[in-house]
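This briefing covers strand pairing and nonpolar cores. Please consult the sequence and the model below alongside it.

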Amino acid sequence: MAARFSDSTLAKAALRASLSEDFENARNLYDCLSSDSATEHSLLIPDVGSFTARLLVKDGLQKKVMIARNGMVITDSLKHFGQKFERFPNSKDFVLLVETADTAASSLLRKLENPEHDELSAERISDPLQRKKIDAAMIGFAATLRDLVRKNTLPEFQERSEIDELAKYFSDKDRFDAGGQGQAEENPEKHVFNSKGVEADRESVSSAAKGGDRGGRGASKGGGGGVQRGRGSGAGGGQGGRGSKARRCVVELDAVRNFALPQGARWHREIRFTPRDSGTANLLIAATGINDSETLNVVEAEGAKKAGGGLTLQVVAGERYAVRIKFDRPYDGPLEVIAHEDPIK
């Protein structure tokens, strides 16, 4: 069988039939099922059932999560339960095959399948109370799979190290350690990097999330520069006018820091920042990716009001703010904080 997947004739035939992706999926699944390097995991999901998961971490794989029932792959996404499984920032290449292991899990997935057998959704459950219960259980299932991938595919780092050689570049009285006790802020000459509380210093998710450019600074016409107030094509007058290209007006934040909280390091964070402008700040929190970022949903907040999946609060320029939040799913990676004047929709 391995020789067949290595046959260039079959690969070319799949390409001509527009089945290259299916061919690649089949090859990766075969590798996952046959490799001695794959690891087995047993999962018991409350109100869903039992599953077996086989994970292969290997260079060149597609970073895929495939969910199967009775030997048939149903889907590689749980988008209706909060996990599209499209992006796995910083993870090694892998394939995860998840199969039902008891009647309860198989029966439930059958109820959730669409007629094409390629998607799962609780919308097909007619009883509202049962649908709500199943939806919550499947969200837990999706989060468990994401967590399984994260624990087994992220590179291993030393949990904590002090880098005195970089102190002159990174010393900042506002630095905080991951424990939330403020030791790093009290001793600015030692900058602490901690793999469980990664600081997020970037101020936006992407140019699309930030919107247009901010106006430049000038005596008559602003240069329409970006957040660093450089030159650009937008119009702006006087001191820091806003560029005409702006779709969303960005609230610029300085010294953005975040660290895990002891009551649940993977669910809770404290975010600290200093706004450059006064007014209403509408914040979105995002998981940092290599090429893109994914918005994280905030379900609890202290120090700000919830707004959609984000936060809103009144700020005064130059003052330091601290907001404690809880996510709807566990996440222990780096964060980005995006602030806009217009409301979150």
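Six bridges join strand β9 (residues 268-275) to strand β15 (residues 321-327), and the two run antiparallel. Strands here are DSSP E runs of at least two residues and helices are H or I runs of at least four, numbered from the N terminus; two strands pair if DSSP finds at least two bridges between them. The model is predicted: local features need pLDDT of at least 70, side-chain atom pairs count only at pLDDT 80 or more, and totals for chains, interfaces and linings use all residues. Residues are numbered from 1 along each chain as its sequence is written, and side-chain values use heavy atoms, with hydrogens and water left out.

**Sheet**
- Glu270 stands opposite Arg324 in β15.

**Largest nonpolar core**
- A nonpolar core is a set of buried Ala, Val, Leu, Ile, Met, Phe, Trp, Tyr and Cys residues joined through side-chain atoms within 4.5 Å.
- The largest has 31 residues; those touching the most other members include Phe51, Leu78 and Met138.
- Helix α5 (128-153) is among the elements that each supply at least two residues, and α5 gives the most, with eight.

- Leu253 is found in strand β8.
- Leu253 counts as buried because its relative accessibility is 2%, buried meaning under 20% relative accessible area (1.4 Å probe, protein chains only).

Definitions and conventions
Buried < 20%, exposed > 50% of the residue type's maximum accessible area, 1.4 Å probe, protein only.
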